[in-house]
Amino acid sequence: GVGKEVFADYIHYSSVRSGRPFMKIGLSALPGELMESELFGHEKGAFTGAVAKRKGYFREAHESTLFLDEIGDMPLELQASLLRATETGRITPVGGDHEIEIDCRLIAATNRRLDEDVAAGRFRQDLYYRLNVITIEIPALRDRPEDIVPLARHFLNQTKTENKRLSRAAIQALLAHDWPGNVRELANAMSHVRLL
């Protein structure tokens with residue numbers, strides 16, 4: 001809820017790849033047995049229920065950006081496939097017998113301490129170093145109070161029907177709150193205000 005996806009959006013839409021679709025996948029929401037198929041695609045008949053061929057997120061993000069949210073939730077057995085894809089620029093769909101070349105920028109996010117997961121054997125060290133090219137740490141909203149009012153105004157005026165303003169008392173209340181739900185909680189609060 002700190003705004004990882006917002007930063008990923010900014011990176012993609014500020015890049016030369018911005019004209020292509022930005023692909024996003026939340027790994028924590030996917031069952032482990034479906035993750036490989038979702039990422040790399042599959043051939044028709046590759047497994048029970050594979051009634052049609054599927055491209056997968058990596059191929060959908062060719063010449064674009066792929067955002068892998070909650071990379072720390074990826075099962076160890078699939079991390080080797082991700083490492084290979086990032087190193088070679090090639091993937092093999094589930095049930096496929098040939099490699100497919102891919103070119104995509106990869107942005108990975110997590111709310112976990114991957115260095116601790118590496119030390120505990122829950123995350124591959126080689127994949128950690130492969131992904132850890134540029135690190136952006138996003139502090140909790142309570143630790144960046146200068147963002148609260150601009151974000152509140154943004155969320156408050158997302159609908160173009162009218163331009164609502166925050167009173168001085170509302171601003172003080174926003175700044176006094178601890179925001180344990182981070183940006184997600186603030187967005188939700190402003191959606192309630194829009195309904196008033």
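Is Ser 37 buried or exposed? In this predicted model, Ser 37 counts as buried, because its relative accessibility is 5% and the limit for a buried residue is under 20%.

**View 1. Ser 37 in helix H2, shown with Thr 92.** Ser 37 belongs to helix H2, which covers residues 32-40.

**View 2. The open sheet of strands S1, S2 and S5.** Three strands make up this open sheet, and their order is S1-S2-S5. The pairing is parallel. Strand S1 (22-26) and strand S5 (104-109) are the edge strands, each pairing on one side only. From one strand to the next, the twist averages 15°. In general, the strands of a sheet pair through backbone hydrogen bonds, in either a parallel or an antiparallel manner.

**View 3. The pairing of strands S2 and S5.** Strand S2 comprises residues 64-69 and is joined to S5 by six bridges. The two strands run parallel. Ser 64 has Cys 104 in S5 as its bridge partner.

**View 4. The aromatic pair of Tyr 13 and Phe 22.** The structure holds three aromatic pairs. One of them is formed by Tyr 13 and Phe 22, whose ring centres are 6.1 Å apart. The angle between the planes is 90°, and the pair is edge-to-face. Phe 22 counts as buried because its relative accessibility is 11%, where the limit is under 20%.

**View 5. The aromatic pair of Tyr 128 and Tyr 129.** Tyr 128 and Tyr 129 also form an edge-to-face pair, with 5.3 Å from centre to centre and 65° between the planes. The arrangement is edge-to-face because the planes are over 60 degrees apart. Tyr 128 is buried, with a relative accessible area of 17%, whereas Tyr 129 is exposed, with a value of 53%.

**View 6. A nonpolar patch on the surface.** The patch is formed by Val 6, Phe 7, Val 133, Ile 134 and Ile 136. Together, these residues have about 530 Å² of accessible area. Phe 7 lies in helix H1, which covers residues 4-13. With a relative accessible area of 36%, Phe 7 is partly exposed.

Terms used. Residues numbered from 1 in each chain as written. Predicted model: local features only at pLDDT ≥ 70, side-chain atom pairs only at ≥ 80, totals over all residues. Heavy atoms only, no water. Phe/Tyr/Trp six-rings, centres within 6.5 Å; stacked < 30°, edge-to-face > 60°. Buried < 20%, exposed > 50% of the residue type's maximum accessible area, 1.4 Å probe, protein only. Patch = residues over 30% accessible without salt bridge, like charges linked within 9 Å, V, L, I, M, F, W, Y side chains within 5 Å. Areas by Shrake-Rupley, 256 points an atom, 1.4 Å probe, with all protein chains shown as cover. Salt bridge = Lys/Arg side-chain N within 4 Å of Asp/Glu carboxyl O. Helix = DSSP H or I, 4+ residues; strand = E, 2+ residues; numbered from the N terminus. Pairing = 2+ DSSP bridges. Axes fitted to C-alpha atoms, helices over the stretch in contact; angles between N-to-C directions.
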